[in-house]
Amino acid sequence: MAQGDAELEARLAEQDEFEPSEEFVAQANVSDPDIYEEFEENWPDCWERAAEMLDWDEAYDEVLDDSNPPFYEWFTGGELNACYNCVDRHVENGDKNRVAIKWEGEHGETRTYTYQDLYREVNEFAAALRAQGVEEDDVVTLYMPMIPELPVAMLACARIGAPHNVVFAGFSADALATRMNAADSRFLVTCDGYYRRGDPLDHLDKANEGLDGVDHGVDATVVVDRLGDDGFGHDLKGNQHDWDDLLDEQSGERVAPVERDAEDMLFLMYTSGTTGQPKGVKHTTGGYLSYATWTSHAVLDIEREDTYWCSADIGWITGHSYIVYGPLALGSTTVMYEGTPDFPNRDRMWELVEKYAVDVFYTAPTAIRAFMKWGSKFPESRDLSSLRLLGTVGEPINPRAWKWYYEHIGNEECPVVDTWWQTETGGMMVTTLPGVKNMKPGSAGPPLPGIDAQIVDTDGDEVEPGRAGYLTVNKPWPGMLRTLYDNDERYVSEYWAEYSDTDSDDPDDWVYFPEDGAKVDDDGYVTVLGRVDDVLNVSGHRLGTMEIESAIVGVEGVAEAAVVGGDHEVKGEAVYAYVITEDGYEEGPDLRARIIEGVEDAIGPIARPEQVVFTPELPKTRSGKIMRRLLEDVANGAELGDTSTLRNPEVVEEIAAKVRTQAD
Ligand code: WTA
């Protein structure tokens with residue numbers, strides 16, 4: 001490091017508050033500090049500002065119907081179509097030749113969709129879905145990697161009012177089957193395969209295996225030919241159709257966008273919770289789309305002329321809200337990249353920022369920590385001067401990584417928004433408005449205008465600034481989930497029961513609990529500390545410990561398993577599995593390999609345990625509950641907490657010794 005750099009690092013390390021530049025503020029979409037007060041005074045009507053960003057077929061009667069909490073309804077009586085708002089209106093407004101999607105494949109091939117191209121292909125695919133028998137309200141599952149056909153399929157579904165259910169391509173066949181079964185989905189769109197670090201991956205094989213596990217049968221599957229000559233030579237089965245053939249059949253077809261009620265489901269997204277069964281989060285057409293669009297405008301500061309890049313996968317909520325719906329509703333250019341950040345080289349991301357002159361870049365702390373580890377020479381070798389704003393999402397970002405991002409990617413000129421939100425919230429909830437607020441590295445920021453969040457103790461009383469507590473949201477917001485698919489009861493018990501008076505009809509008695517720990521400072525800035533339930537955050541991906549445990553106990557030779565998160569330099573958290581073998585089975589590399597395989601088969605490689613520790617017993621309380629906190633201490637090599645309440649205190653030291661020897 002040059003002398004100047006060292007000085008700069010030292011100065012940044014000291015600084016705990018950063019101001020956006022005057023230049024940024026002058027051009028920001030939102031720069032008036034009064035917005036917080038304005039939203040508070042006019043709540044809930046303030047949310048009209050979000051709804052007004054969309055084109056409605058039928059005006060709504062009421063902004064919020066809160067007569068039956070926590071089953072809130074937004075923009076009731078209104079009708080609109082999400083696809084129309086993301087595609088047609090830009091074509092009609094003279095932006096048909098503007099680029100909607102810039103796609104780059106792992107090998108450097110590119111595809112560009114103008115809004116007109118998108119309009120054509122979305123219409124043809126919507127017609128194709130109809131021809132396959134998809135009707136309004138049928139759930140269509142999309143099991144696809146980062147190829148342009150994924151957003152095309154999402155928008156085509158939205159066009160005909162068929163909710164989509166995107167399943168992350170890295171998930172296993174079992175995970176696909178679970179989600180199709182849970183969502184009663186009889187239609188699937190998938191692809192033959194895709195590239196990962198240079199090699200083609202067989203995706204259709206996995207999809208087919210998943211389809212075998214769909215109990216209610218499947219009416220039709222559409223398969224995109226991504227790999228061409230690199231493909232695996234699968235023959236399509238009777239009800240499987242080639243994407244291109246279907247489009248050819250529908251060439252030139254147009255499908256009128258279906259007018260959807262504001263509260264009609266736009267999509268389902270399954271996410272991990274504390275039980276083994278993933279939760280089907282339901283998002284609606286009016287509230288969700290308004291909220292994704294508004295936050296893209298106000299927080300990401302996206303303008304129509306911008307080239308914007310979010311490096312998440314569309315298989316997660318971040319990709320839904322901030323690769324597809326928000327940026328396209330705003331008529332901007334959204335970049336999609338198929339591959340990984342280190343292939344073929346570790347400057348791949350910065351190569352793309354330079355190549356496409358990206359204005360706004362949104363990524364995850366886990367990626368930033370990896371970039372940091374690789375070193376600043378990679379971003380330094382590229383021209384990143386087009387960047388205006390940076391964002392992060394998915395997990396807490398430590399101040400050192402924040403500052404590295406600010407300095408080496410943003411050249412100390414771009415504000416960084418650290419955005420806290422969840423699959424369930426639909427869009428960002430706690431973060432700075434970049435043109436209004438100063439940034440404090442490590443702290444996401446104050447709740448957004450119109451969002452009423454508090455940090456409380458176990459009784460629900462607000463805690464003093466600086467003290468750790470639980471994050472709660474006290475008022476509904478348009479982007480919120482409406483329920484869990486087919487399970488209103490679980491919706492109430494998972495998100496509301498903790499701090500609400502569940503017998504009350506008064507919305508003031510209802511409090512949303514996101515299951516995150518947090519603290520607040522004297523300026524109202526919230527620092528999110530992480531999950532307080534049994535959900536892990538591995539590389540920004542939510543994984544339920546119960547899901548992983550049930551995969552492990554499904555492996556022959558395993559009697560019992562406990563999974564916890566251990567600290568990890570790049571991933572944030574990593575999966576630690578503590579396993580008791582069944583009598584007659586030997587612990588060792590063979591069983592370890594089968595456990596890892598079991599987890600990959602049930603969930604996917606993202607859930608692969610970092611360490612499998614065999615143990616004769618698990619630390620349990622006298623009532624038989626596994627003490628996960630102690631297992632976390634063991635995973636982290638931390639000093640062991642209080643073991644006095646354990647039935648078997650000696651076992652903890654034994655496990656710790658095993659972890660230490662395995663680490664050597
Ligand atoms: C965590 C991703 C700290 C949090 C959009 C939340 C964060 C979970 C942040 C949701 C952040 C997300 N700071 N923690 N900026 N963003 N989280 O549903 O624990 O995949 O509850 O949604 O990620 O993960 P999900």
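Which residues does the UniProt annotation "domain: AMP-binding enzyme C-terminal" cover? I looked this up first: the unreviewed entry gives residues 547-625. UniProt positions are in the numbering used here, feature names are shortened, and annotations may be inferred rather than shown by experiment.

**Ground rules**

I am working with a predicted model, where local features need pLDDT of at least 70 and side-chain atom pairs count only at pLDDT 80 or more, while totals for chains, interfaces and linings use all residues. Residues are numbered from 1 along each chain as its sequence is written, and side-chain values use heavy atoms, with hydrogens and water left out.

**Entry 1: the two annotated spans**

I went back to residues 547-625 and found 27% helix and 32% strand, with the end C-alpha atoms 18 Å apart. Helices (H or I, at least four residues) and strands (E, at least two) are DSSP runs, numbered from the N terminus. UniProt also lists residues 93-477, again from an unreviewed entry, as "domain: AMP-dependent synthetase/ligase". That span is 31% helix and 22% strand, and its end C-alpha atoms are 30 Å apart.

**Entry 2: around the ligand**

I then turned to the ligand. Its shell holds 17 residues, and Asp 418, Thr 419, Thr 423, Asp 516 and Arg 542 come nearest; a residue is counted as near if one of its heavy atoms lies within 4 Å. I sorted the shell by residue type and got six nonpolar, six polar and five charged. In this sorting Ala, Val, Leu, Ile, Met, Phe, Trp, Tyr, Cys and Pro are nonpolar, Asp, Glu, Lys and Arg are charged, and the others, Gly among them, are polar.

Next I checked distances to ligand oxygen atoms. A side-chain N or O atom of Thr 423 is 2.5 Å from one, the corresponding value for Arg 542 is 2.8 Å, and for a polar side-chain atom of Gln 422 it is 3.0 Å. These are polar contacts (a pair of N or O atoms within 3.5 Å; within protein, one must be able to donate a hydrogen and the other to accept it, and residues adjacent in sequence count only if both atoms are side-chain atoms).

How much of the ligand's area does the protein bury? The ligand taken alone exposes 520 Å², and 97% of that is buried by the protein. Areas come from the Shrake-Rupley method with a 1.4 Å probe; for residues, only the protein chains shown count as cover. The elements giving two or more residues to the shell are α12 (317-329), β20 (416-419) and β24 (526-531).

**Entry 3: Arg 388**

Arg 388 sits in the loop between α15 (377-380) and β19 (389-393). Is Arg 388 buried or exposed? Arg 388 is buried because its relative accessibility is 15%; buried means under 20% relative accessible area, exposed over 50%, and partly exposed in between (1.4 Å probe, protein chains only). A polar atom of the Arg 388 side chain lies 2.6 Å from the backbone oxygen of Asp 301. Beyond four places in sequence, its contacts include Phe 24, Gln 27, Glu 303, Asp 359 and Cys 414, contact meaning heavy atoms within 4.5 Å.

**Entry 4: helix α14**

Helix α14 (residues 365-374) has nine of its ten residues buried, so the helix is largely enclosed by the rest of the structure. Among the buried ones are Phe 371, Met 372 and Trp 374. The cover over them includes α13 (348-356), β18 (360-363), α16 (399-409) and β28 (572-581). After α14 comes Gly 375, with a positive phi near 110 degrees.

I found Gly 544 in strand β26 (residues 541-544), buried at a relative accessible area of 1%. Leaving out residues up to four places away in sequence, Gly 544 touches Ser 272, Gly 273 and Asp 534.

Glu 549 belongs to helix α18 (residues 545-553) and is buried too, at 9% relative accessibility. Which side chain does the side chain of Glu 549 make a polar contact with? The partner is Arg 628, at 3.0 Å.

Phe 75, not a glycine, has a positive phi of about 55 degrees; Phe 75 lies in strand β2 and is buried at 0% relative accessible area. Glu 412, also not a glycine, has a positive phi of about 60 degrees, and Glu 412 is partly exposed at 28%.
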